[in-house]
Amino acid sequence: MKLSVLDQSVISKGDTANIALQNTVKLAQLTEKLGYTRFWVAEHHNTNGMAGSSPEILMSHIASNTRRIRVGSGGVLLPQYSPYKIAENFKVLEALFPNRIDLGIGRSPGGSAATRLALTDGLRKSLNEFPKQVQDLQGFLQNQLPSEHPFYKVNAYPVAETLPELWILGITHRGARMAAEKGTAFTYGHFITPGNGKRAMDYYVQNFQPSTLLKEPKMNACVFVVCAQTQEKAEECALSQDLWLLAVEKGTDTRIPSIEEAKRTRLTHEEKRRILENRQRMIIGTPQKVKSEIMRLSEMYQTEEFVIICNIHRFEDKMKSYTLLAEEFL
């Protein structure tokens, strides 16, 4: 079993963006020592609780402060950008850190309509252009655009001996279909939509079409995990993640609350119901329980790699969670 990391550089209440970003680097260094395969960072905009708004810059810093672990984006919001510029950014990263860079891309709009327009400088770009953008990105990465393409004579530099590994992130079979048709690796977001995973993963495996960048299917799944020595401790740590997810869904203060704040917060019936629903996106418990659940998902999803995300208040508890999981698997 391979374990990897998705870190959203979420800011805990009482901390600053500077501390959150420093903690992201510390987590990358720790998980590298523990034997994790990849360390991915997210892209979020117009939110006060997530410091990772520029994955390419953060990736460069993380890769500079680690030695072996693969570093990637989970993921770049392709519909808002130029495939050519993304290809350039990631080819520079790959030239700096050969065989260590993952280019994860997603179809997400990246926030509200106003936020998306700010990202595109007022240009109204259709999400329906995503398949074409993926194809163009593949072409620019390899400098192999078809002769009829309007940018046929435009090359993306630098040219290095290796290319970044291309992943499409999805939460439905539509994302799986795109990855299968384009011949890219595929990540399923169980931590967002757990109910669609088996259909998406099955479709990807059964319909994968080899490309010049990838000859065989390659996939993983991303899941929330909170692991502690006892079930009681794990449940306590997860309270801050429960409350944080409620805030994310409401679009309010998206900094992670403390366990103490979570315990004294009075929840409505609807909020309690929503927390129970969100728990389906998580695995919470002792190392043995977490391992059992991951093995169950591994069989269902036909994958031997899981990307672990843990958004709890205390950084020490977060590091312990990743450590216990590594001790169980790696």
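Helix α3 passes helix α5 in a right-handed crossing; a crossing is called right-handed if the near helix is turned clockwise from the far one by less than a right angle, and left-handed if anticlockwise. The model I am presenting is predicted: local features need pLDDT of at least 70, side-chain atom pairs count only at pLDDT 80 or more, and totals for chains, interfaces and linings use all residues. Residues are numbered from 1 along each chain as its sequence is written, and side-chain values use heavy atoms, with hydrogens and water left out.

Let us stay with this pair of helices. Helix α3 covers residues 83-96 and helix α5 covers residues 130-142; helices (H or I, at least four residues) and strands (E, at least two) are DSSP runs, numbered from the N terminus. The two pack at an angle of about 40°, and their axes are 8 Å apart. Axes here are lines fitted to C-alpha atoms, for helices over the stretch in contact, and angles run from 0 to 180 degrees between N-to-C directions. The helices α3 and α5 are therefore oblique to each other, since angles under 35 degrees count as roughly parallel, over 145 as roughly antiparallel, 65 to 115 as roughly perpendicular and the rest as oblique.

Which residues make the contact? On α3 they are P83, Y84, I86, A87 and K91, and on α5 they are Q133, D136, L137, F140 and L141, where contact means heavy atoms within 4.5 Å. By class, these residues are 7 nonpolar, 1 polar and 2 charged. Ala, Val, Leu, Ile, Met, Phe, Trp, Tyr, Cys and Pro count as nonpolar, Asp, Glu, Lys and Arg as charged, and the others, Gly among them, as polar.

On a 1 Å grid over the protein atoms alone, a cavity is a set of points where a 1.4 Å probe fits but cannot get out, while a pocket is an open set with protein on both sides within 12 Å along at least five of seven lines; lining residues have an atom within 4 Å of a point. Grid points are joined across faces, edges and corners, and a volume is the space filled by probe spheres set on the points.

The largest pocket has a volume of about 1,300 Å³. Of its 49 lining residues, H44, L77, S108, P109 and I192 are the closest to the centre. Helix α6 provides the largest share of this lining, 5 residues. The lining divides into 21 nonpolar, 21 polar and 7 charged residues.

The second largest pocket holds about 200 Å³ of space, and here α5 returns, giving the most to the lining with 6 residues. Among the 14 lining residues, Q135, Q138, G139, Q142 and Q144 lie nearest the centre. Their classes are 3 nonpolar, 8 polar and 3 charged for the lining as a whole.

How many cavities of 30 Å³ or more does a search of the whole structure find? It finds 1. The largest cavity has a volume of about 150 Å³ and 17 lining residues, with V10, S12, N23, F315 and K318 nearest its centre. Helix α1 contributes the largest share of that lining, 4 residues.

Finally, some backbone details. The peptide bond from G74 to G75 is cis, with omega near -5°, and G75 is found in the loop between β3 and β4. Another cis peptide bond joins Y157 and P158, with omega about 5°; P158 lies in the loop between α5 and β6.
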